[in-house]
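Here's a quick tour of a protein chain, written for someone new to reading structures. Have a look at the model first, then follow the points below.

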Amino acid sequence: LGDTEAMMPAKEQVPREHYATGDRMKLLVLEVRKTLKGPAIIVSRAHPGLVRKLFELEVPEIYDGAVKIENVAREAGARTKIAVRSMGDDRIDAVGACVGVKGIRVQNIVDEIHGEKVDIVRWDEDPHTYLANALSPAKIARIVFHPEVPSAEVIVPNDQLSLAIGKKGQNASL
């Protein structure tokens, strides 16, 4: 970072990425500490906040506040799910704004995070609708929420089970 060095702990690195001195990449600054040797800057490539910031940089509607990122769930190096909604103006398609014409906006972000899959989900106030959107393309038969333990039980038809769970359980866990 110019004349200053940054530290990226192993837990903040993406497992399948390899870094070399002089590489140019976008990072999320997690913390700046004062030390006897000067400032210590802790950065991350695995934090969900990195994807949030990349979308803010790439999508003008997010930067302007017309589209809001409600949540980001990430399994670094594999898949990210981002929930978005339009703020006030129903004419703006939040998902479409994030994808961009011919997918160029989301593709720029995918390129920056080295091919990690990005799912953009329409956020909804109703938890049933939101969960159904998040588990799409699977068709949901029924959702039972357990408020005492923040969890939900999702019932899907047998032919939709693998879609709902996803590869290596990623769809369900995110």
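This is a predicted model: local features need pLDDT of at least 70, side-chain atom pairs count only at pLDDT 80 or more; totals for chains, interfaces and linings use all residues.

**Around Leu30**
- You'll find Leu30 in strand S2, which covers residues 28–35.
- Who does Leu30 touch, leaving aside residues up to four places away in sequence? The list is Glu12, Ile42, Val43, Ser44 and His47.
- Met8 sits 22 residues from Leu30 in sequence, and their C-alpha atoms are 9.6 Å apart in space.

**The whole protein**
- Counting up the secondary structure gives 7 helices and 8 strands.
- If you boxed up the C-alpha atoms along the principal axes, you'd need roughly 60 × 35 × 30 Å.
- The protein has 174 residues, and 32% of them are buried.
- Take the contacts between residues at least 6 apart in sequence: 49% of these join residues at least 24 apart.

**A sheet of 3 strands**
- Strands S4, S5 and S6 make an open sheet, in the order S4-S5-S6, with mixed pairing.
- Which strands stand at the edges? They are S4 (67–75) and S6 (117–122); each has a single partner strand, so one side of each is left without a neighbour in the sheet.
- From one strand to the next, the twist averages 20 degrees.
- S4 and S5 (residues 79–86) run antiparallel and are joined by 8 bridges.
- Within that pairing, Ala73 is opposite Lys81 in S5.
- Helix H1 (residues 48–58) packs on this sheet and touches S4, S5 and S6, with its direction at about 145 degrees to that of S4.
- Helix H5 (residues 127–134) also lies across S4, S5 and S6, and it runs at about 155 degrees to S6.
- As a general rule, strands of a sheet pair through backbone hydrogen bonds, either parallel or antiparallel.

**Helix H4 and its buried face**
- H4 spans residues 104–112, and its buried residues include Arg105, Val106, Ile109 and Val110.
- Why do the buried residues of H4 line one face? Looking down the axis of H4, they fall within an arc of 135 degrees, so they line one face of the helix.
- Here's the background: an α-helix has 3.6 residues a turn, so residues three or four places apart point the same way.
- Among the elements covering the buried residues of H4 are H1, helix H2 (60–64), helix H3 (94–99) and S6.
- After H4 comes His114, which has a positive phi, near 55 degrees.

**A pair of rings**
- How many aromatic pairs turn up in a search of the whole structure? The search finds 1.
- The pair is Trp123 and Tyr130: their ring centres are 6.3 Å apart and their planes are at 55 degrees, so the pair is tilted.
- Tyr130 has 23% relative accessibility, so it counts as partly exposed.

**A hairpin**
- S7 (residues 142–146) and S8 (residues 151–155) pair in the antiparallel sense, over 5 bridges.
- Together S7 and S8 form a hairpin, with 4 residues between them.
- In this pairing, Phe145 is opposite Ala152 in S8.

Definitions and conventions. Residues are numbered from 1 along each chain as its sequence is written. Side-chain values use heavy atoms; hydrogens and water are left out. Two strands pair if DSSP finds at least two bridges between them. Helices (H or I, at least four residues) and strands (E, at least two) are DSSP runs, numbered from the N terminus. Axes are lines fitted to C-alpha atoms, for helices over the stretch in contact, and angles run from 0 to 180 degrees between N-to-C directions. Contact means heavy atoms within 4.5 Å. Buried means under 20% relative accessible area, exposed over 50%, partly exposed in between (1.4 Å probe, protein chains only). The arc is that of the directions from the helix axis to the C-beta atoms. Rings of Phe, Tyr and Trp (its six-membered ring) pair if their centres lie within 6.5 Å; planes under 30 degrees apart count as stacked, over 60 as edge-to-face and the rest as tilted.
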